[in-house]
Amino acid sequence: MRVLVVEDERRLASIIKRGLIEEGYAVDAVYDGEEAQYMAETTTYDIIILDIMLPKKDGIAVCRDLRAKKINTPILMLTARDSVEDRVKGLDSGADDYVIKPFAF
């Protein structure tokens, strides 16, 4: 299974990547929204773990653009934004699930 981790906090991205690799997943990590969009459009992933607050292009815009381009890879939003309004916005953008940081790996 191939996973794309999109997280601008490099330390957290590294922790997530390492944990997924230990579980047997193939993992790519990117650190901004533009790079995330490029990778999702050019590489086949089984899931995308996507932060919302990203440099260059936020995760909501990335998710909407991927869905508009008919990229149906499951997207898990992993973010510190925890209000109901934020959750609704994330899911309405096309995300399949929404997880709040901090989380138990």
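1. In this predicted model, Val3 has Val27 of β2 as its bridge partner. The two strands concerned, β1 and β2, are paired in the parallel sense, and five bridges connect them. Strands of a sheet in general pair through backbone hydrogen bonds, in either a parallel or an antiparallel manner.

2. How much of β1 is buried? Of its five residues, four are buried, and the strand is therefore largely enclosed by the rest of the structure.

3. The sheet as a whole is open and contains five strands, ordered β2-β1-β3-β4-β5, with parallel pairing. The edge positions are taken by β2 and by β5 (97–100); each has a single partner strand, so one side of each lacks a neighbour in the sheet. From one strand to the next, the twist averages 20 degrees.

4. Leu76 stands opposite Asp97, a residue of β5.

5. Two helices lie across this part of the sheet. Helix α3 lies across β3 and β4, and its direction is at about 175 degrees to β4. Helix α4, residues 84–92, lies across β4 and β5 and runs at about 145 degrees to β5.

6. Which residues of helix α2 are buried? In this helix, residues 33–42, they are Gly33, Ala36, Gln37, Met39 and Ala40. Because the arc they cover around the axis is only 165 degrees, they lie on the same side of α2. In an α-helix there are 3.6 residues a turn, so residues three or four places apart point the same way.

7. Against what do these buried residues of α2 pack? Their partners are the strands β1 (2–6), β2 (26–30) and β3 (47–50), together with helix α3 (59–68).

8. The N-terminal end of α2 is capped by Asp32. A side-chain oxygen of Asp32 lies 3.0 Å from the backbone nitrogen of Glu34.

Definitions and conventions. Residues numbered from 1 in each chain as written. Predicted model: local features only at pLDDT ≥ 70, side-chain atom pairs only at ≥ 80, totals over all residues. Heavy atoms only, no water. Buried < 20%, exposed > 50% of the residue type's maximum accessible area, 1.4 Å probe, protein only. Arc of directions from axis to C-beta. Contact = heavy atoms within 4.5 Å. Polar contact = N/O pair within 3.5 Å; in protein donor to acceptor, adjacent residues only side chain to side chain. Pairing = 2+ DSSP bridges. Axes fitted to C-alpha atoms, helices over the stretch in contact; angles between N-to-C directions.
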